[in-house]
Amino acid sequence: MIGLPSQIIIESETPALHHSTARLILVAGILSFVICSQNRVFSAEKNSAPNIIVILLDDMGFSDLGCYGGEIETPHIDALAKNGLRFSQFYNTARCWPTRAALMTGRYQHQVGMAMNMGPNAPRAYTGIIPQSARMIPELLKPRGYQCYHVGKWHLNSRGPKHNETWPLSRGYDHSYYMFRQDNFFNPKMLFDDHEKVVRPGNNNPDYYVTTAFTNQAIRRLKEHSAQHSDKPFFLYLAHTAPHFPLHALAEDVARFRGKYRRGWDEIRRQRLARQRSSGLLNCKLSPQDPVALKWDTLSESEIDEWDARMATHAAMIYRIDVGVGRIVDQLKQMDAMENTLIFVLSDNGASAEYIVRGDGNKPGAAPGSRESYRCLEVSWSNASNTPFKEHKMWTYEGGISTPLIAHWPAGIQKPNRQTGHVGHVIDLLPTILDVAGAEYPKTYQNKPTLPPTGLSFADLFINKKPKEHEFLFWEHTGNLALRSGDWKIVASQNQPWELYNLKEDRSELHNLAAEKPKLMLDLVYRWQKYADKIGVVEWGTFPQSRRKHTPDYKKK
């Protein structure tokens, strides 16, 4: 609530004050109140909780969107960025489920048992079991009157609704169109429409495509909300499975991009960085291509055609998401809800270098992007998607953990079309959402104390003010480690020595300063270890579950 300034009530507190003086103070107080109100997230005339939409992409690289330097056509998302905020230093956790856990709970994945999904016999941080005391965004918005809708990937439980308390409908969502088992964008194995199981929807619908289905379901819920709950705000979590492998896209979308990537990944990286620099997004050098990447000039004509088709399919998957964003924006405008809807767009990790075939398999000779195919982006194109950074999904170098973040909110963001260098993390979304919604994190749950979110609200950015900054940000995933404090970052790959970088001068992590600044290096390593111990990190490979093979092959040619 916005309280009246003390000057307004001074007359009743000091009756001896001369009436003319009091009136002047009263007028000044009212003017001060009006000015202050205009500098807050809500003006006095628009003091209502906003609708909130979080659109999460899966395995999209930092430079794939047009507004982040990509050649992929994303006009609708680009328009949100142009009329909102574009973040240049926002981070995820480097992989799918840890990011989703951090986003939903406002805590690092280790703090909520989601560092891995190893079951109840693993160390607490790696069980894959989120405690009920870690409240999720919809559960926190319900007391403020929000209707909450989930569409798409969840990845916060592994055994289904009968065995896990982190089923979406058990964590505050009123409705959920939930992808449980996919592996095929045209004919996924199993979904749930609320409690109704949907098996192989493509068997009876040859036009079924997951990304379009997710958009349809999101619009379905928006229409229902407008008809049945127009007096309430809504929260919509739209978690796409694209452009995660397998590379599946509509034939007409693939055709749109075919041939554009025959220039090769090296040239695409150079062009993307040039656009990033010219737009003011980044000012750093291009990292070297991954050592195991293929050399474009050594490829045969048939190989060039194959790799052009793969990246064209990746682009087509992102393009189709953007088409869906345009449809959602149109629906919001029809509902007269666009003005007071806060929309976030981001990715769960960097692009993936994975090389894997599973699900329905890859039929020899299948057309690129078709339901009979199963292809991955692999290391060379993943490097291009993560331009200008090095490494990929799972690694804690900038290529694995840097995400685009766009925030769009006409009623709440002052001076839109801004870029911010604020250093943030997906753990910050929950406190930011609570902030703008006027919601609070409970001190207790079921008569037991809860821990406050680790994330920090960045809502002050919306009113062009500087938000509170993290003392440091922390990463650990399967033995890949990092910590960022201010402009300084330490990072290490599994079983490799720590490295030190000044990200203000070297965002691409090209110049390791560990030998030049050993004292600083040791201080940051000490802070990493101290915090790791605090939140339950266990050295990778030292407990039985971590010695199994949990990841597919990477970096194969």
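A charge is taken to sit over a ring if NZ of Lys or CZ of Arg is within 6 Å of the ring centre and within 35 degrees of the ring normal. By this criterion Arg310 lies over the face of Trp307, at 4.3 Å from the ring centre. Arg86 likewise lies over the face of Tyr68, at 5.9 Å from the ring centre. The model is predicted: local features need pLDDT of at least 70 and side-chain atom pairs count only at pLDDT 80 or more, while totals for chains, interfaces and linings use all residues. Residues are numbered from 1 along each chain as its sequence is written, and side-chain values use heavy atoms, with hydrogens and water left out.

The chain contains 13 helices and 16 strands; helices (H or I, at least four residues) and strands (E, at least two) are DSSP runs, numbered from the N terminus. Of its 557 residues, 60% are buried, where buried means under 20% relative accessible area, exposed over 50%, and partly exposed in between (1.4 Å probe, protein chains only). Contact means heavy atoms within 4.5 Å. Among contacts with a separation of 6 or more, 73% join residues 24 or more positions apart.

The aromatic residues can be considered next. Rings of Phe, Tyr and Trp (its six-membered ring) pair if their centres lie within 6.5 Å; planes under 30 degrees apart count as stacked, over 60 as edge-to-face and the rest as tilted. The whole structure holds 36 aromatic pairs. In one of them, the ring centres of Tyr126 and Phe543 are 5.0 Å apart and the planes meet at 50°, so the pair is tilted. This pair links distant parts of the chain, 417 residues apart: Tyr126 belongs to the loop between helix H4 (96-105) and helix H5 (137-141), and Phe543 to the segment after helix H13 (518-535). Both Tyr126 and Phe543 are buried. The rings of Trp265 and Trp307 have centres 5.7 Å apart and planes at 80°, so this pair is edge-to-face. Here Trp265 of helix H8 (residues 265-278) is linked to Trp307 of helix H9 (residues 301-334), 42 residues apart. Trp265 counts as buried at 0% relative accessibility, and Trp307 is buried with a relative accessible area of 8%. One aromatic cluster is formed by Phe87, Phe90, Phe344, Trp409, Phe458 and Phe462.

Helix H4 is mostly covered, with 10 of its 10 residues buried. Its buried residues, including Trp97, Arg100 and Met104, pack against strand S1 (51-57), H5, strand S3 (147-153), strand S7 (234-239), helix H12 (429-437) and strand S13 (473-477). Just after H4, Gly106 takes a positive phi of about 75°.

On a 1 Å grid over the protein atoms alone, a cavity is a set of points where a 1.4 Å probe fits but cannot get out, and a pocket is an open set with protein on both sides within 12 Å along at least five of seven lines; lining residues have an atom within 4 Å of a point. Grid points are joined across faces, edges and corners, and a volume is the space filled by probe spheres set on the points. The second largest pocket has a volume of about 630 Å³. Among its 23 lining residues, Gln111, Thr454, Tyr531, Lys534 and Ile535 are the closest to its centre. H13 gives the most to this lining, with five residues.
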